[in-house]
Number of protein chains: 2
Amino acid sequence: MKLKEINHPIIDLYESLGKNFDSIIGTDVATDLFFEVYKETSGFLSKTSNVKVRSLIPEKRYISFTLDGRIISRPINEEIFKSDLKIINKTFKYIKENKIQELDSSFITQSIYSITMSFCVSIDLIKKNDQKTPGTYFERLVGHLFSVFLGIKPIKEIEVLSLDSKMKLPTDFIFDLGKNKPKLHVPVKTSTRERVIQVWAHQRILDGVFGVGTFLGFLNCIGETKLDHSKREVIEICLPDQWNIYQRFIARLSKVYYLDLPRRYKELEFVKPFGDFFHENTELFI
Amino acid sequence: MKLKEINHPIIDLYESLGKNFDSIIGTDVATDLFFEVYKETSGFLSKTSNVKVRSLIPEKRYISFTLDGRIISRPINEEIFKSDLKIINKTFKYIKENKIQELDSSFITQSIYSITMSFCVSIDLIKKNDQKTPGTYFERLVGHLFSVFLGIKPIKEIEVLSLDSKMKLPTDFIFDLGKNKPKLHVPVKTSTRERVIQVWAHQRILDGVFGVGTFLGFLNCIGETKLDHSKREVIEICLPDQWNIYQRFIARLSKVYYLDLPRRYKELEFVKPFGDFFHENTELFI
């Protein structure tokens, strides 16, 4: 069943957000729509039940949601997920007043995790096996937050010049802060799995074409959990040794941000909680 | 339905090949099994009917196969695909006598295309939407041919050393020809689509860790056709400009070989028909 064949207010709101997203990104129109989506998904989740899932990750507890007991959602980190509307209200208020950086890093991380997962979990229950819709939603949300914070709209392709040709290379979000300021390369992935090497490869191209240091790479992810649906066990899949090799031999990303920071990536100095972005090196950007 | 739940002689032979493949690769046991698979798929295809598909690629004609008129296979290039058992017999004979390089490049390309596609098309009709089995089969076939030709078995991970740690990096096939000889980095993909940047990124790591020129990269693909099942139209998806950027700014692959060379990749000097591998620079390897 295709997305547009499903009648559900969450899907309708998601579609509204997608219409002209390139022109509303970074504006109050988009902020209001994200808030509407949140309220709709939060209302939807209040009608679901919790399902116990067994976390095999030390010091982390997860729950899933279900409507009928059969289809269960992706797991949610209980410690980070907050369904308190006051927190979400405050977050959207601060986004609209363009002062998100006045919120604590952990407050931002919790709040954006809750907004994101509320949508992802709802889609898990409305439309089985749809990975694309949650991914697109998270990408738009991160793009919007960066756009509000930096005060500019992103582009999604850049011109690559060489001696005898010029062409456009499709990219993830690029935020160009102007002359003598860094440009930000902002890929967004729900989780990284085996395909993340692409992000380092794109950074390498940007470094090669424009010179190392011209583009700062900030990869954003939700988490690395994997739910075994039959056993109802949650694990995290992390490859810190490989990431170290990518950092040394392909290109150097400035930071990788996570909403639900995987335990084994805490040892990597370039991996941080999502909220940290709004507090680090801000003098570089603004 | 899982593969092992399907009872079919083609699947049984495929499973036999997979059992201990690492130890039989490059040996007559594997050559014989590939021949058995071919004969079984060829017999199977003789019971199917052709379906006309419209090629939108200039100078290329394609057909598909069907059992029931509803499920149709991936498209086959009519000019390259040969179902003449004499050709295939000769090819397997030359493989066993380790003199594949005595066959013309175009003979090798046609024959290996026919062996590969005979399997892929059979799987399309036996098991809908299975991309993995044809991909694994093609990877094993290419690995086997390289192994016979080079006279060594490949490895699939290499040790990466740095000042304070050592680790194994999983890779595609690596053929190590010994001291003062190049090492071959041999990725195999049915088609490349958007994920191929990984291949250049892996080459970059090998160049970075071991020095440029230590590993020669030879990417092997079937083709880049895409069938629109409702319109029954065949197109080719190629991104030559992006490949040029990858070659210049990520790493340099020695060659990309195709069984069904895409029209728009003919302009790239590093893209060649598959059979060329067995005729180019052989003094380097043996």
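How many residue pairs does the rule find in polar contact across the interface of chain A and chain B? The rule finds two, both at pLDDT 80 or more. A polar contact is a pair of N or O atoms within 3.5 Å; within protein, one must be able to donate a hydrogen and the other to accept it, and residues adjacent in sequence count only if both atoms are side-chain atoms.

## Basis

This is a predicted model: local features need pLDDT of at least 70, side-chain atom pairs count only at pLDDT 80 or more, and totals for chains, interfaces and linings use all residues. Residues are numbered from 1 along each chain as its sequence is written, chains are lettered from A and ligands numbered from 1 in the order in which they are written, and side-chain values use heavy atoms, with hydrogens and water left out.

## Interface

Chain A places 23 residues in contact (heavy atoms within 4.5 Å) with 23 residues of chain B. The two chains bury about 2,100 Å² between them. Carbon and sulfur atoms carry 71% of that area. Buried area is the accessible area (1.4 Å probe) that two parts lose on being put together, summed over both. Between chain A and chain B there are zero salt bridges (a side-chain nitrogen of Lys or Arg within 4 Å of a carboxyl oxygen of Asp or Glu).

On the side of chain A that touches chain B, strand 5 (155–162), strand 6 (165–176), helix 7 (197–210) and helix 8 (240–249) each supply at least two residues. Helix 7 of chain A gives the most, with eight. Helices (H or I, at least four residues) and strands (E, at least two) are DSSP runs, numbered from the N terminus.

The same surface serves both copies: 100% of the contact residues of chain A recur in chain B.

## Two residues

S122(A) lies in helix 5 (residues 105–126) of chain A. Leaving aside neighbours within four places in sequence, S122(A) is in contact with I10(A), T41(A), F44(A) and L45(A).

K47(B) sits in the loop between helix 3 (28–45) and strand 1 (49–52) of chain B. K47(B) is exposed (over 50%), at 66% relative accessible area.

Note on methods:
Buried < 20%, exposed > 50% of the residue type's maximum accessible area, 1.4 Å probe, protein only.
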